[in-house]
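Visitor: I would like to learn how to read a model like this one. Please take me through it feature by feature.

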Amino acid sequence: MSDTDLAALQQEFTTALAAAKDAASAERVKSDWLGRTGKLRSLTEQLGKLPPDQKKARGKAINDLKLACEAAAEARLRELSASGPKAAPADVIDVTLPGARPRLGRRHPIYATMDEMRAIFAKLGFEAAYGPEIETAYYNFVSLNIPLDHPAAEPFDTWYLDDPDAATRPYRFLLRSHTSPVQMHVMEGRKPPIRVVVPGKVFRTDPADASHLPVFHQMEGLMVEENVTFADLKGVLSIAMKELFGAKTETRFRPSFFPFTEPSAEVDVSCLLCGGGGCPACKGSGWIEVLGCGMVHPRVLEYAKIDPEKYSGFAFGMGVERIAMLKLGVPDIRHFIRSHPLFLRQW
Ligand SMILES: [Zn+2]
């Protein structure tokens with residue numbers, strides 16, 4: 001027999017193996033060919049009749065064929081046992097069963113409120129600006145006319161990210177305690193006219209209670225142009241509050257103090273529940289405080305290298321959580337971070 005015959009035998013074996021439809025038939029093919037009385041066995045027996053110079057090469061060719069056939073038989077057996085009748089049920093799909101429906105996520109009420117606020121101010125010509133949550137003491141305090149060792153800094157107390165060092169204090173890193181540092185970045189980066197709102201996360205050392213969280217959100221507003229007056233401030237905020245809380249909402253400005261504005265005011269809106277008549281939610285006053293505002297302090301403009309003789313501006317800032325609590329009727333600010341699915345799915 002020649003080597004060509006060996007190749008033909010291997011082909012024959014491969015065909016027989018492929019024709020075996022289950023493990024038992026494959027075992028039979030293997031035994032018919034490779035067993036003690038198998039077809040390949042007789043090849044070895046013929047070796048003895050060959051001349052000595054051909055024996056070695058022929059013996060090796062027969063052995064290679066045997067090894068190849070054994071490997072093929074093992075592979076086919078593994079294949080058949082993996083896809084045997086036992087494995088079948090896992091592949092069956094019952095198309096009549098209802099599908100697994102993934103639960104859809106939704107925007108967190110704080111971010112939904114922040115988007116709504118940003119859209120209202122966009123209609124009034126304010127673009128959104130963003131800044132870093134890690135600031136220096138210079139931007140968080142000094143440039144906003146808050147001296148570092150002054151009691152005015154106390155309400156804005158925050159976490160510092162490096163060691164205290166008196167000489168470099170204005171350059172200490174901290175987590176910003178209001179969005180106002182972004183005002184300064186914006187004013188440093190461009191010339192008036194400026195109209196921006198700054199939505200973002202802020203940090204304070206306040207312990208969590210029904211109306212405080214150590215991490216919350218603010219939206220700051222800044223307008224700097226020639227001849228901006230307190231009347232512009234009142235106009236913009238009155239319109240914005242009507243958009244935010246409803247067309248019947250009245251606005252009231254009360255004198256207040258902030259280091260970065262002069263004059264400064266707190267803004268109240270007519271109570272959303274009683275419409276101004278007085279109820280427990282507004283403690284009988286008919287008004288609810290929503291934000292702080294004022295005319296940008298000339299010293300703040302000077303820090304930003306904007307001439308306070310030529311330009312004036314106003315700024316305002318409000319807590320997004322506070323607005324969301326009023327709009328959605330949420331009694332405790334901590335509900336927003338408890339993230340209970342039933343609570344969050346209401347909106
Ligand atoms: Zn009320």
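Guide: Start with pairing: two strands pair if DSSP finds at least two bridges between them. Helices (H or I, at least four residues) and strands (E, at least two) are DSSP runs, numbered from the N terminus. This is a predicted model: local features need pLDDT of at least 70, side-chain atom pairs count only at pLDDT 80 or more, and totals for chains, interfaces and linings use all residues. Residues are numbered from 1 along each chain as its sequence is written.

Visitor: In what order do the seven strands of the sheet run?

Guide: The order is S1-S4-S5-S9-S8-S7-S6, in an open sheet with mixed pairing. Its edge strands are S1 (127–128) and S6 (251–258), each pairing on one side only.

Visitor: How many bridges join S7 to S8?

Guide: Eight bridges join S7 (residues 261–270) to S8 (residues 287–296). The two strands run antiparallel.

Visitor: Which strands do the helices lie across?

Guide: Contact comes first: two residues are in contact if their C-beta atoms, placed from the backbone, lie within 7 Å. Axes are lines fitted to C-alpha atoms, for helices over the stretch in contact, and angles run from 0 to 180 degrees between N-to-C directions. Helix H6 (residues 109–123) lies across S1, S4 (194–203) and S5 (215–225), at about 5 degrees to S5. Helix H9 (residues 230–245) lies across S5, S6, S7, S8 and S9 (312–319), at about 125 degrees to S6.

Visitor: What span should H9 have, at 1.5 Å a residue?

Guide: The expected span of a helix is 1.5 Å times one less than its number of residues. H9 has 16 residues, so it should span 22 Å; its end C-alpha atoms are 22 Å apart, which agrees. Helix H4 (residues 52–82) has 31 residues and should span 45 Å; its end C-alpha atoms are 46 Å apart, which agrees.

Visitor: Which residues of H9 are buried?

Guide: A residue is buried if 20 or more other C-beta atoms lie within 10 Å of its own, exposed if 12 or fewer, and partly exposed in between; C-beta atoms are placed from the backbone. In H9, Leu233, Val236, Leu237, Ala240, Met241 and Leu244 are buried. They cover an arc of only 130 degrees around the axis, which puts them on the same side of H9. The arc is that of the directions from the helix axis to the C-beta atoms. An α-helix has 3.6 residues a turn, so residues three or four places apart point the same way. On the other side of H9, Ala231 and Gly235 are exposed.

Visitor: What do the buried residues of H9 pack against?

Guide: They pack against H6, S6, S7, S8, S9 and helix H11 (320–328). Just after H9, Gly246 takes a positive phi of about 120 degrees.

Visitor: Which residues of H2 are buried?

Guide: In H2 (residues 23–34), the buried residues are Ala26, Val29, Lys30 and Trp33. Their arc is only 100 degrees around the axis, which puts them on the same side of H2. In H4, Cys69, Ala73 and Arg76 are buried.

Visitor: What is Ala128 in contact with, beyond its neighbours within four places in sequence?

Guide: Arg118, Val197 and Pro199. Ala128 lies in S1. Ala128 counts as partly exposed, because it has 16 C-beta neighbours inside 10 Å. Ala128 and Val197 are 69 residues apart in sequence, yet 4.9 Å apart in space, C-alpha to C-alpha.

Visitor: Now the backbone: which residue has a positive phi of about 60 degrees although it is not a glycine?

Guide: Most residues other than glycine have a negative phi, and most peptide bonds are trans. Asn227 has that positive phi of about 60 degrees, and sits in the loop between S5 and H9. Asn227 is exposed, with 8 other C-beta atoms within 10 Å. Lys283 has a positive phi of about 55 degrees, in the loop between S7 and S8. Lys283 is exposed too, with 11 other C-beta atoms within 10 Å.

Visitor: Where is the cis peptide bond with omega about 5 degrees?

Guide: That bond joins Pro192 and Pro193. Pro193 is in the loop between helix H8 (180–189) and S4. The peptide bond from Glu262 to Pro263 is also cis, with omega near -5 degrees; Pro263 is in S7.

Visitor: How far apart do the C-alpha centres of domain 1 and domain 2 lie?

Guide: They lie 83 Å apart. The domain assignment gives domain 1 (3–91) and domain 2 (109–344). Such bounds come from an automatic or database domain assignment.
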